[in-house]
Amino acid sequence: MRLRELISPILFKNVIGQDDVEIINVTADSRQVGPGSLFLALRGYTVDGHEYVEQAARAGAAAVVVEDAIEGISAPQVIVPDTRAVAAVLASVFYGHPSKEMKVIGVTGTNGKTTTTLLIDQILRDAGKRTGLIGTIMARIGDEEIPMANTTPDVLDLQQLFYRMREVGTEYPITEVSSHALDLKRSAGTDYHIAIFTNLTQDHLDFHGSMEAYRQAKGKLFARLGNTYRDEAHSNKLAVLNADDPASECFRDLTTAQVITYGIDQPADVRALDVVVEAAGVSFNVESRFGRERFALQLTGKFNVYNALAAMSACLAEGISLAEIKRSLESISGVNGRFETVQAGQDFTVIVDYSHTPDSLENAMKTVREFAKRKVFCVVGCGGDRDRTKRPLMAQIAVSYSDLAILTSDNPRTEDPDLILDDMEAGVSDAAGRYVRITDRAEAIRFAVAQAEAGDVIMIAGKGHETYQIIGKTKSHFDDREIAQLAIRGAK
Ligand SMILES: CC(=O)N[C@H]1[C@@H](OP(=O)(O)OP(=O)(O)OC[C@H]2O[C@@H](n3ccc(=O)[nH]c3=O)[C@H](O)[C@@H]2O)O[C@H](CO)[C@@H](O)[C@@H]1O[C@H](C)C(=O)N[C@@H](C)C(=O)N[C@H](CCC(=O)O)C(=O)O
Ligand SMILES: Nc1ncnc2c1ncn2[C@@H]1O[C@H](COP(=O)(O)OP(=O)(O)OP(=O)(O)O)[C@@H](O)[C@H]1O
Ligand SMILES: N[C@H](CCC[C@H](N)C(=O)O)C(=O)O
Ligand SMILES: [Mg+2]
């Protein structure tokens, strides 16, 4: 594509040099630049992409997009007021607006996004639809699975994934939309068909500053849904909202899309009643104008009823019957790293769960308490370079729902692991004897396993599916499930 064509939708720009050069790819990473690339300089949190313009030019960039003209490079320069704001435009034009030709489902909310996307994926695939996935665990295009650095990738990568999905005939890209993505415009330019809200509880206050700002970020997904009615295709957007979460009312006000609600406690279009939580799974009645069914899932916890209802609401709207949805949801035996049990022949229960927020930890621990017959242990840490204010809260929850909490490290990243543990411990200063502190996570898991007796439950929270631990800037192999297995085998 010619540069001229690519930048034509950018309304406010100044071009230095020829605008008829051929562009064969668009990237914001100088390390990915080759001959024919268009390099877009973004100002990041760590570095300013403008510092890499010369490097990009040396690597053969056909042109660059910058906020300030760079001296001494011969490549054509497109100067715009805000490179981040035009990134979505460039990505959508370059990849040919792929999201418009598919039915993109976007799931946002503090907890339950990954689970809900995977439930939708199962239902739609069982119904013969061609799906793709973009989320925390991976992206999937056709049968190819791609590891992901972020839950929602940067705008250029996201549009490229959509492009590749369209190329292989995907009908439904099912995507997680993080609040970071909404604030950093990673999902700008994506035409969502259905937007789903799971819940809003405390997380990421380091990034958003306040719960109000966090809610506003989530709201952006709904604000732009259904706002354009240029043609028939734009008038059938759907917002799926959680009737039991107060933030849903704000999102209802923000959107001009059609709205359906799901819930347990409040009246809703798709409602679950008579919820029974057991270790082996959760069962409930579903009542809706599409019919009634009793569901018996292999997944457990009241929170998974919400995820099932959210997934089911979207799929009902797509014309899948309640009976088909029941078959699909009941066939799902588990979700990677979400309430996953570790079996190594032991006579106690070990659960690995991705609860890394106060609300998800509380839900997970409440669920454990509903079926635990004997002692409960909770191994938990909090990530470094992330919301500090959740640390004391998570320690409090671990202590109050367990017989013994083992406070440990998660991914300390560039923070001192012991200072993170100090933050956690500040929340449980009056609970001496109810917890121990073991900085090394593997050692903490081994300690819990060594304490457990027949019938006890160990919850290992925070890292779920992760197969790494980040200490400093080093990412090493680490898997809670493997460590627990080894500990059990060693302890037998
Ligand atoms: C705070 C944040 O979101 N940071 C994201 C951001 O990084 P950054 O701003 O530090 O980027 P940077 O390193 O300063 O680089 C700026 C620019 O210079 C470019 N550069 C840089 C170096 C170089 O040699 N050449 C070069 O061109 C970079 O490609 C980039 O375009 O842009 C990067 C590239 O897209 C992201 O990977 C990175 O996510 C980091 C890893 C991260 O941890 N993000 C978390 C907070 C996050 O986004 N989480 C949400 C999920 C949250 C949830 O719901 O639980 C997510 O969607 O993953
Ligand atoms: N609907 C829910 N409400 C509250 N907690 C939930 C819900 N669903 C899952 N959880 C808890 O949150 C954890 C993470 O779930 P999941 O990975 O589905 O959420 P997510 O929103 O994708 O998280 P992330 O923001 O890290 O991508 C689970 O391990 C479980 O403990
Ligand atoms: N998407 C979340 C995941 C947190 C997982 C937890 N294990 C941690 O590293 O803090 C985040 O980036 O904050
Ligand atoms: Mg996720």
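Guide: Two residues are in contact if their C-beta atoms, placed from the backbone, lie within 7 Å. This is a predicted model: local features need pLDDT of at least 70, side-chain atom pairs count only at pLDDT 80 or more, and totals for chains, interfaces and linings use all residues. Residues are numbered from 1 along each chain as its sequence is written, while chains are lettered from A and ligands numbered from 1 in the order in which they are written.

Visitor: Is Asp 410 buried or exposed?

Guide: Asp 410 sits in the loop between β20 (404-407) and α14 (417-425); helices (H or I, at least four residues) and strands (E, at least two) are DSSP runs. A residue is buried with 20 or more other C-beta atoms within 10 Å of its own, exposed with 12 or fewer, and partly exposed in between. Asp 410 has 23 such atoms, so the answer is buried.

Visitor: Which residues does Gly 462 touch, not counting those up to four places away in sequence?

Guide: Gly 462 lies in the loop between β22 (457-461) and β23 (468-471). It is buried, because 26 C-beta neighbours fall inside 10 Å. Beyond its sequence neighbours, Gly 462 touches Ser 355, His 356, Val 380, Gly 381 and Asp 410.

Visitor: Between which domains does the shell around ligand 2 lie?

Guide: The shell holds 22 residues, with Gly 112, Lys 113, Thr 114, Thr 115 and Ser 360 the closest; a residue is near if its C-beta atom lies within 6 Å of the ligand. Elements giving two or more residues are α4 (113-126), α10 (302-317) and α12 (358-371). Domain bounds come from an automatic or database assignment. Two domains both give residues, so the shell lies between domain 2 (98-330) and domain 3 (340-491).

Visitor: Which element gives the largest share of the shell around ligand 2?

Guide: Several elements contribute, including α4 and α10. The largest share is 4 residues, and it comes from α12.

Visitor: Which domains each give at least three residues to the shell around ligand 1?

Guide: This shell has 20 residues, and Asn 150 is among the closest. At least three come from each of domain 1 (3-94) and domain 2 (98-330).

Visitor: How far apart are the farthest two C-alpha atoms of the UniProt "binding site" positions that include Ser 30 and Arg 186?

Guide: The record, an unreviewed entry, names Ser 30, Asn 150, Thr 151, Thr 152, Ser 178 and Arg 186. They span 157 residues in sequence, and they do not all gather at one spot, because the farthest two C-alpha atoms are apart by 25.2 Å.

Conventions:
UniProt positions are given in the numbering used here, feature names are shortened, and annotations may be inferred rather than shown by experiment.
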